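Me: I'm new to this structure and would like a close look at just one part of it. Could you take the open sheet, walk me through how it is put together, and then say what lies around it?

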Amino acid sequence: MDDLAPSDFRALARALKYCVLLHDAHTFEILWANPAACELLGRPLDELKPLKAPDMSKNARQYSRELGHRWLRQAVEHGVSATEWCYRAKNGEEILTEAIAIRVELSTRTAVMVQFRDIAEEKAVRQDLRRTESRLRAFLSGLAEGIVVLDDTHRVLFASESAVRLLGRGLDGADFTAYCCDGPVPEHEGRYRFAAPGREPSWYAATCQHIEIESDLRGRMLLFYDITDRVREEEQHRRDTQHVDHLARYNAMGDMAMAIAHEVSQPLAAAYNFVEGARGRLDRDTGTRDASVAWGLDNAVRQIERARRILGSLRAYVGRLEQVARPTDLNAIVRDCAYFIGLRAQEHQVDVDFDLTTEPLPVVCEHVLIGQVVMNLAFNAVDEMARCPRPERRVEIVTRRAEDGCAELAVRDRGHGPPPDERICDGVFTAKANGSGIGLALSHRIVTRHGGRIDVQANEPRGAVFRFALPAARHPQDPTRTELS
């Protein structure tokens with residue numbers, strides 16, 4: 001720098017865009033100002049020199065003469081001091097600046113050089129950014145949707161407050177694969193189950209997209225929101241639809257059964273009359289009975305009578321279809337179902353023991369629907385025992401009054417026992433090779449709709465006990481009882 005002439009330094013000072021004021025270190029009077037400072041303050045150097053702090057500073061407490069002198073004195077004592085200072089130009093415009101005061105040892109005196117620049121626009125931008133950032137933070141914290149950004153290894157680079165609220169703390173930096181309950185991390189829009197390790201999963205609707213915010217944030221952004229209630233409502237609607245469809249089919253079957261019973265009873269009656277006529281004619285024409293022919297005719301009559309009893313039971317059972325609940329005896333419902341349970345058991349060579357209470361178990365229910373539950377539980381037990389060795393094929397159907405006063409029915413088998421989880425009544429559990437699991441789900445719906453409960457427990461020493469209970473009727477009745485067929 002020694003090869004620069006004094007005129008060169010003057011040229012550099014004139015070219016400097018940073019504003020510079022030179023103050024005396026003792027009196028703080030202005031000694032010199034560069035052209036940039038004169039232009040910003042709107043005054044030539046000869047107008048600036050006599051000015052005092054109140055003449056060129058904003059009229060506010062934080063810009064008082066005392067505070068200005070204290071700032072410059074700190075620079076004299078410590079070598080440098082920085083502050084924000086609001087200057088006032090000749091036209092009255094107030095200019096917020098970032099100012100740095102530096103002690104300078106000149107050849108003739110000690111001075112304080114103040115460098116300053118206009119930061120009003122910059123500060124306004126910073127304030128806007130802070131305001132925008134705070135609004136975005138408030139919006140993100142209030143969102144129902146969770147937001148996470150994942151890197152290529154599925155590590156969480158960013159997690160919004162709502163995401164932490166949905167999935168729990170510890171999300172930042174975690175491997176998001178551990179939160180995905182249905183396989184890999186989602187790559188497409190859809191429904192997924194997420195949960196922190198060890199917590200109950202919830203259903204979420206999720207969308208995915210790639211983001212790249214300069215070099216600061218780059219990866220896959222996952223937006224998701226909780227739809228567990230909606231999924232449960234849809235599942236409930238599906239089950240209700242299945243239930244309605246089942247009842248529609250059940251009623252149609254009842255109508256069909258009544259029609260068949262009506263139509264078949266007439267040819268059976270005719271066949272019975274023909275056999276009786278043939279048997280009488282055989283005795284009249286021959287005077288004696290051929291033993292083999294008579295044996296065949298007698299057995300034909302017995303089979304026709306048996307068919308008529310089956311149709312009579314079918315008509316009596318289906319004829320009980322009612323539209324509303326009514327008082328009845330749970331034991332009577334079991335007796336009405338006993339014949340059909342016996343047919344199923346006979347088909348699989350399973351013994352069925354009925355252990356019913358001697359006193360009535362009055363309940364208020366829809367007779368046919370509860371009968372359907374009884375038969376469904378009994379049929380399941382019979383089908384389970386059909387897979388066991390013949391000597392072990394036994395099912396028990398027991399009615400009791402529970403400790404809370406409810407009328408209770410239990411179906412006990414000696415099969416493979418209850419399932420290891422609690423899915424028996426959700427429409428998916430079945431132990432049958434060709435089963436759908438819908439029967440138990442419908443049984444659950446029917447019993448709970450009647451205000452009852454249904455469950456399954458292990459039977460001792462092995463097998464399962466399917467049990468349901470219905471509230472006892474307030475005004476017990478003892479309907480006409482029928483004997484077990």
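Reply: Before we start, one term: contact here means heavy atoms within 4.5 Å. Keep in mind, too, that this is a predicted model.

Now to the sheet. It's an open one made of five strands, and if you walk across it you meet them in the order β2-β1-β5-β4-β3. The pairing is antiparallel.

Let's zoom in on one pair. β4 covers residues 94-105 and β5 covers residues 110-118, and nine bridges join them in the antiparallel sense. One place to look is Glu105, whose bridge partner in β5 is Thr110.

α5, residues 65-78, lies across β1 (19-24), β3, β4 and β5. Compared with β3, α5 runs at about 155°.

What about the nonpolar cores? The largest has 39 residues, and Ile341, Ile370, Val374, Val395, Ile397, Leu409 and Phe468 have the most contacts inside it. α11 (367-385) is among the elements that supply at least two residues of this core, and with eleven residues α11 gives the largest share. Apart from that core lies another, of 27 residues, including Ala37, Met56, Leu72 and Val112. As a general background point, nonpolar side chains in soluble globular proteins tend to be buried together.

Terms used. Residues are numbered from 1 along each chain as its sequence is written. This is a predicted model: local features need pLDDT of at least 70, side-chain atom pairs count only at pLDDT 80 or more; totals for chains, interfaces and linings use all residues. Side-chain values use heavy atoms; hydrogens and water are left out. Two strands pair if DSSP finds at least two bridges between them. Helices (H or I, at least four residues) and strands (E, at least two) are DSSP runs, numbered from the N terminus. Axes are lines fitted to C-alpha atoms, for helices over the stretch in contact, and angles run from 0 to 180 degrees between N-to-C directions. A nonpolar core is a set of buried Ala, Val, Leu, Ile, Met, Phe, Trp, Tyr and Cys residues joined through side-chain atoms within 4.5 Å. Buried means under 20% relative accessible area, exposed over 50%, partly exposed in between (1.4 Å probe, protein chains only).
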